[in-house]
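Hello,

Here is the structure I promised to pass on to you. Please have a look at it first, and then read on for what turned up in it.

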Amino acid sequence: MVHPAPAPAPAPTPTPTPTQGRAETPIAFIQAITAAYAQRGLDVSEALIKAQIEPKLLKKNNTRVTAMQMELFSGLAMQELDDEGLGWFSRRLPWGSYGLLVRASLTSPTLGLALTRWCRHHGLLTEDIHLSLTERNGVATLQLDEVRDLGVFREFCVVSVLRNALGVACWLTDSRIPLLATQLRFAPPAHADSYRVLFDGPTHFKASANSLAFDAGYLALPVRRDEAALQQMLQRALLLTVRPYRRDRLLVARVRQTLGQHPAHSRNADDLAAWLNMSARTLHRQLQEEGASLQQLKDSVREQRARALLLRTSKPLKQIATEVGFSNEKSFIRAFKTWTGQAPESFRQSA
């Protein structure tokens, strides 16, 4: 009896190396971590080797490293220095400090309460900075005030704490939280162009305060994580600051609001996506993930607007068609019949 030859074993999936991927993280952040080692009188060379960062790069201020190199190097530094603050503060934050902050916020029913607790408990770890959350006119602002001079660690500290807080907020709600604006008190650094990757939306330097602004509607989102999810997340907690969330649980509401309030930015998918600080492809994909489509949302907003104009005004159909976004009256009448089963005039008369 002839036995068939065994099938060849599948080739192992290659493990990505730290240098793979786009190098977009400024070397200035690596230099800051190196300064933390020097502050403690410790040798940084082994950590640089493990992260595959050549020491000579530290002298080239325009150099960038990959997100993986940054994750590896900062993770090693936090453990070797036993300081999750990486030298930023007047006293060390022992390994696990930020995990305790997340755990303290985990039982909050909403993101608003979770971030309020986060800010309050962060003050128990250090008094060198002060974090606060405010809400005004539909905009939530997470602000970082510098209580003492952070010296050479200033930029790295401010950026890291704000990005970490935003990452935790996204993780707690399992949602992308797009930023309306980022305000930073320091002058634009030589690598200012990298801030388009660090924070979405516009970034303003030489501002009166360090802060992140976003739609206050996200504060009402429920906290969707539990202890089991926390334990899994802590295996690679640094990903919170480097991996953007794709899913936006308020995207449908934000699109509807934009379609209704800013019709000039809603003429096509490209205009609307640009207004929302994303690409048209991302907009369509994320809406699909939420079980919606741009055309459905457009029709829904147009229908609501048309109903209101028909019921509350005596404007002629031609004018209503234009205001709702149709090029002619016939197209509007046809669409309205599809939405309601009635012609616009019949709908107005019956109401």
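A word on pLDDT before anything else: it is the predictor's confidence in each residue, on a scale from 0 to 100. You will need it here, as this is a predicted model. The chain averages a pLDDT of 86, and 90% of the residues score at least 70. The stretch to treat separately is residues 1-15, where the pLDDT is below 50. Beyond near neighbours in sequence, residues 1-15 have 0 contacts in the model.

Now to the helix I would show you next, H12. Helix H12 covers residues 294-312, 19 residues in total. From first C-alpha to last, H12 reaches 27 Å, close to the 27 Å expected at 1.5 Å a residue. Which residues of H12 are buried? They are Leu294, Leu297, Lys298, Val301, Glu303, Ala306, Leu309 and Leu310. An α-helix has 3.6 residues a turn, so residues three or four places apart point the same way.

E3 (residues 129-136) and E4 (residues 139-146) pair in the antiparallel sense over 8 bridges, with Ile129 standing opposite Glu146 in E4. The hairpin of E3 and E4 has 2 residues between the strands, and Asn137 takes a positive phi near 50° there. E4 is also joined by 6 bridges to strand E7 (residues 210-215), and these two run antiparallel. In that pairing, Leu142 stands opposite Leu212 in E7.

Lastly, the cysteines. How many disulfides does the structure hold? The count is 0. Cys119 is buried, with a relative accessible area of 6%, and Cys170 is buried as well, at 7%. Both values fall under the 20% cut-off for buried.

I hope this helps you find your way around.

Best wishes

Notes. Residues numbered from 1 in each chain as written. Predicted model: local features only at pLDDT ≥ 70, side-chain atom pairs only at ≥ 80, totals over all residues. Heavy atoms only, no water. Helix = DSSP H or I, 4+ residues; strand = E, 2+ residues; numbered from the N terminus. Expected span 1.5 Å × (residues − 1). Buried < 20%, exposed > 50% of the residue type's maximum accessible area, 1.4 Å probe, protein only. Disulfide = S-S within 2.5 Å. Contact = heavy atoms within 4.5 Å. Pairing = 2+ DSSP bridges.
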